[in-house]
Amino acid sequence: MTEDHGHRTIAPPDPTKQVVKLFLNNLNTEASRKVYAREVGFFLDFARKPMTQIDLDDVVAFKTSLKGLKTATTARKLTIIKAFLGFAHEMRVIIRNPARLLKVPRVHQREPQVLTIEEAEAMLR
């Protein structure tokens, strides 16, 4: 409760936990839910404010905090945060999606190593 000119008002409840739960329930596997829950939790702990107050500065600061991690790790974390904030926006919990324009690093796939016929035959011997 807060005081406002001698009147007591009740602050609206923070919807973060409910939105996280709905977001995770939309995922297909338990493994995905665990990974997404961990990454969303890290981001929300980093932001240290109600989800409805998260802005572009928070998202950029989080991205900056990931410097030094492998590109694939950074891409995974940012992709999850973009998806989460996009979901919150679609659910009309946040007015704007602060991660909408966030650039996620591309992960370059290495070309698969293909055996020659001779190498494959040698393995079968």
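Helices here are DSSP runs of H or I with at least four residues, strands are runs of E with at least two, and both are numbered from the N terminus. With that, T74 sits in helix α4.

Before going on, the ground rules. This is a predicted model, so local features need pLDDT of at least 70 and side-chain atom pairs count only at pLDDT 80 or more, while totals for chains, interfaces and linings use all residues. Residues are numbered from 1 along each chain as its sequence is written, and side-chain values use heavy atoms, with hydrogens and water left out.

Back to T74. Is T74 buried or exposed? Its relative accessible area is 10%, and T74 is buried. The cut-offs: buried is under 20% relative accessible area, exposed is over 50%, partly exposed is in between, with a 1.4 Å probe and protein chains only. Which residues does T74 touch, leaving aside neighbours within four places in sequence? L66, L69 and P105. Contact means heavy atoms within 4.5 Å.

Next, how α2 meets α4. Helix α2 covers residues 30-47. Helix α4 covers residues 71-90. Their axes are 9 Å apart, and the packing angle is about 85°. That makes the two helices, α2 and α4, roughly perpendicular. For the method: axes are lines fitted to C-alpha atoms, for helices over the stretch in contact, and angles run from 0 to 180 degrees between N-to-C directions. The classes are roughly parallel under 35 degrees, roughly antiparallel over 145, roughly perpendicular from 65 to 115, and oblique for the rest.

Who is in the contact? From α2 come V35, Y36, R38, E39, V40, F42, F43 and L44, and from α4 come R76, K77, I80, I81, F84 and L85. By class, the residues of this contact are 10 nonpolar, no polar and four charged. Nonpolar here means Ala, Val, Leu, Ile, Met, Phe, Trp, Tyr, Cys and Pro; charged means Asp, Glu, Lys and Arg; the others, Gly among them, are polar.

Now the charges. Side chains of opposite charge can pair when their charged atoms come close. A salt bridge here is a side-chain nitrogen of Lys or Arg within 4 Å of a carboxyl oxygen of Asp or Glu. How many salt bridges does that rule give? Five.

R38, E39, R76 and K77 form a network of salt bridges. Take E39 with K77 as one link: N to O is 2.8 Å. E39 is buried at 1% relative accessibility. K77 is buried too, at 11%. R38 also bridges to E39, with the closest N and O atoms 3.5 Å apart. R38 is partly exposed, at 39%.

Another salt bridge is E30 with R33, where the closest N and O atoms are 3.3 Å apart. Why can these two meet along one helix? E30 and R33 are three residues apart in α2, so about one helical turn separates them. In general, an α-helix has 3.6 residues a turn, so residues three or four places apart point the same way. E30 is partly exposed at 46%. R33 is partly exposed at 22%.

Helix α1 spans residues 16-25, and its buried residues are T16, V19, V20, F23 and L24. Down the axis of α1, these fall within an arc of 130°, so they line one face of the helix. The arc is that of the directions from the helix axis to the C-beta atoms. Turned away from that buried side are the exposed residues K17, Q18, K21 and N25. The cover over the buried residues of α1 includes α2 and α4.

Helix α3 runs over residues 56-65, with D58, V59 and F62 buried. Their arc around the axis is only 100°, which puts them on the same side of α3. Here too the cover includes α2 and α4.

Last, two backbone points. R48 is not a glycine, yet its phi is positive, about 55°. R48 lies in the loop between α2 and α3, and R48 is exposed at 75% relative accessibility. R92, also a residue other than glycine, has a positive phi near 65°. R92 is in the loop between α4 and α5 (117-124). R92 is exposed, with a relative accessible area of 77%.
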